[in-house]
Amino acid sequence: MRLFVRLLSALIGLALAAAGVLLALEVGWGWWRPGRGPLFVPWDGWRDRLAELTWKTGEVRYLAIAVAVVGLLLILASASAGRRAIRLTDPANEVSVTTSPRSLARLVGVTVRAQDNVAGAKVTATGKKIRVRATSRMETEGELRPRLLETVSGLLDDVPLVRRPKVSVVVDSPKDRR
């Protein structure tokens, strides 16, 4: 969701910058050639159409409702895009400790890669689940997977997490493909 908010804010920023450039061009054109019409935007037609509208017109009310709904959706999107911190047990009453999912994934990844017969590992972590995808050239999944599950479980016992995430381990091995 954070990616969506970042992309959306970039697009809104670009749209506002383009509108600013267009307005600057229109004002410059109006100063340079005051008797001629507008450069790109038909301002006169828009002014005449807006003069016909009142607050009781259905178009104005529908537009106001649409703007309010879009605004609420943007507020919800930005509120749900907060950091996904993983809580650790508090060492004292006034102290709260968190870690990022990336840090937890790095910790698990370093531990998994240090195991014998592990050629590489990719780890993703959230507050609810840790996914480990290890590769091995020497052992099959049946041989290596229980050992990696035990290693990751032992590591999670040492890390003071408030809530223990589920662990999923998958091993890719050429021996399994034969």
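**Note on a buried serine and its surroundings**

1. Ser173 counts as buried, at 1% relative accessibility; buried denotes under 20% relative accessible area, exposed over 50%, and partly exposed the range in between (1.4 Å probe, protein chains only). The residue sits in the loop between strand E5 (166-172) and helix H6 (174-177). Helices (H or I, at least four residues) and strands (E, at least two) are DSSP runs, numbered from the N terminus.

2. The model is predicted: local features need pLDDT of at least 70, side-chain atom pairs count only at pLDDT 80 or more, and totals for chains, interfaces and linings use all residues. Residues are numbered from 1 along each chain as its sequence is written, and side-chain values use heavy atoms, with hydrogens and water left out.

3. Two polar contacts involve the side chain of Ser173: the backbone oxygen of Ser136 is reached at 3.3 Å, and the backbone oxygen of Glu139 lies 2.7 Å from a polar atom of that side chain. A polar contact is a pair of N or O atoms within 3.5 Å; within protein, one must be able to donate a hydrogen and the other to accept it, and residues adjacent in sequence count only if both atoms are side-chain atoms. Not counting residues up to four places away in sequence, Ser173 touches Ser136, Glu139 and Thr140, where contact means heavy atoms within 4.5 Å.

4. Ser136 is buried, with a relative accessible area of 1%, and belongs to the loop between strand E4 (129-135) and helix H5 (141-158). A polar atom of the Ser136 side chain lies 3.2 Å from the backbone nitrogen of Glu139. Beyond neighbours within four places in sequence, Ser136 is in contact with several residues, among them Asn117, Ala119, Leu144 and Ser173.

5. Arg102, in helix H4 (residues 101-113), is exposed, with a relative accessible area of 60%. The C-alpha atoms of Arg102 and Val123 are separated by 9.1 Å, the two residues being 21 residues apart along the chain.

6. Phe40 is found in the loop between helix H1 (2-32) and helix H2 (43-52). Phe40 is exposed, with a relative accessible area of 55%.

7. The domain assignment, which is automatic or taken from a database, gives domain 1 (38-82) and domain 2 (98-176). The centres of domain 1 and domain 2, taken over C-alpha atoms, are separated by 51 Å.
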